[in-house]
Amino acid sequence: MEQAVETPGPAASDPVEVDAALDVVVSDRDADGDSEKTSRRPDWWHRDHPVFVPLAGFFTGMVFIIVVPGAYGAILKSVVGYKRAEDLFPFVLLTLVVPIALLAPRHTRRFGRYMLFGVVATAIVVVGVALGVLWFLINRDR
């Protein structure tokens, strides 16, 4: 069975140098014998790899749902005090506008979808574990 993956860019046997500082491909000779410089998009982290955007979006959503409410609560408590921070804490839900807003433009839609999935999956896991621990502690006291 013959399978091939077509990837853009120079082959290993092509006489091409890559100048990483300038992100420019320098070719030895073109068809006419003249040397040329052409710019190209950076391929760091293989931007076109099919799992890069889903993984980046999922883990961004996971970090987002864990770090943002904690940082918001800590900053709010240090600025306005404990009682007022309790009253203002529900406004952290407004940060969910970020992954929802990423769903609108076509360019960020895929990332936003996976970010929202990371947010929801992490919230479900945290709530599920909390309910499991609460159930265990209540049944242990009986």
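**Figure 1. Residue V92 in the loop between α2 and α3 of the predicted model**. V92 is buried, because its relative accessible area is 8%, which falls under the 20% limit for that class. The residue is placed in the loop that runs between helices α2 and α3.

**Figure 2. The aromatic pair of F58 and F117**. The structure holds three aromatic pairs. In the pair of F58 and F117, the ring centres are 5.7 Å apart and the planes meet at 45°, so the arrangement is classed as tilted. The pair links distant parts of the chain, with F58 in helix α1 (residues 52–80) and F117 in helix α4, 59 residues apart. F117 counts as exposed, because its relative accessibility is 51% and the class begins over 50%. Ring pairs also bring F59 into the picture, linking F58, F59 and F117 into a cluster.

**Figure 3. The aromatic pair of Y72 and F89**. These two rings form a tilted pair, with 6.0 Å from centre to centre and 45° between the planes. This pair likewise links distant parts of the chain: Y72 belongs to helix α1, whereas F89 lies in the loop between α2 (82–88) and α3 (97–101), 17 residues apart. Y72 is partly exposed, as its relative accessible area is 25%. F89 also counts as partly exposed, at 33% relative accessibility. The loop that holds F89 is also the place of V92.

**Figure 4. A nonpolar patch on the surface**. The patch is formed by V125, V129, V133, W135, F136 and L137, which together present about 630 Å² of accessible area. V125 lies in helix α4, which spans residues 109–140. With a relative accessibility of 52%, V125 counts as exposed, because the class requires a value over 50%.

**Figure 5. A patch of positive charge on the surface**. Four arginine residues, R106, R109, R110 and R113, gather in this patch. One of them, R113, is found in helix α4. Helix α4 also contains V125, a member of the nonpolar patch, and F117, the ring partner of F58.

Terms used: Residues are numbered from 1 along each chain as its sequence is written. This is a predicted model: local features need pLDDT of at least 70, side-chain atom pairs count only at pLDDT 80 or more; totals for chains, interfaces and linings use all residues. Side-chain values use heavy atoms; hydrogens and water are left out. Patches are made of residues with over 30% relative accessible area and no salt bridge: like charges are joined within 9 Å, nonpolar side chains (Val, Leu, Ile, Met, Phe, Trp, Tyr) within 5 Å. Accessible areas come from the Shrake-Rupley method with a 1.4 Å probe; for residues, only the protein chains shown count as cover. A salt bridge is a side-chain nitrogen of Lys or Arg within 4 Å of a carboxyl oxygen of Asp or Glu. Helices (H or I, at least four residues) and strands (E, at least two) are DSSP runs, numbered from the N terminus. Buried means under 20% relative accessible area, exposed over 50%, partly exposed in between (1.4 Å probe, protein chains only). Lys and Arg count as positive and Asp and Glu as negative; His and the chain ends are not counted. The place of a charge is taken as NZ of Lys, CZ of Arg, CG of Asp or CD of Glu. Rings of Phe, Tyr and Trp (its six-membered ring) pair if their centres lie within 6.5 Å; planes under 30 degrees apart count as stacked, over 60 as edge-to-face and the rest as tilted.
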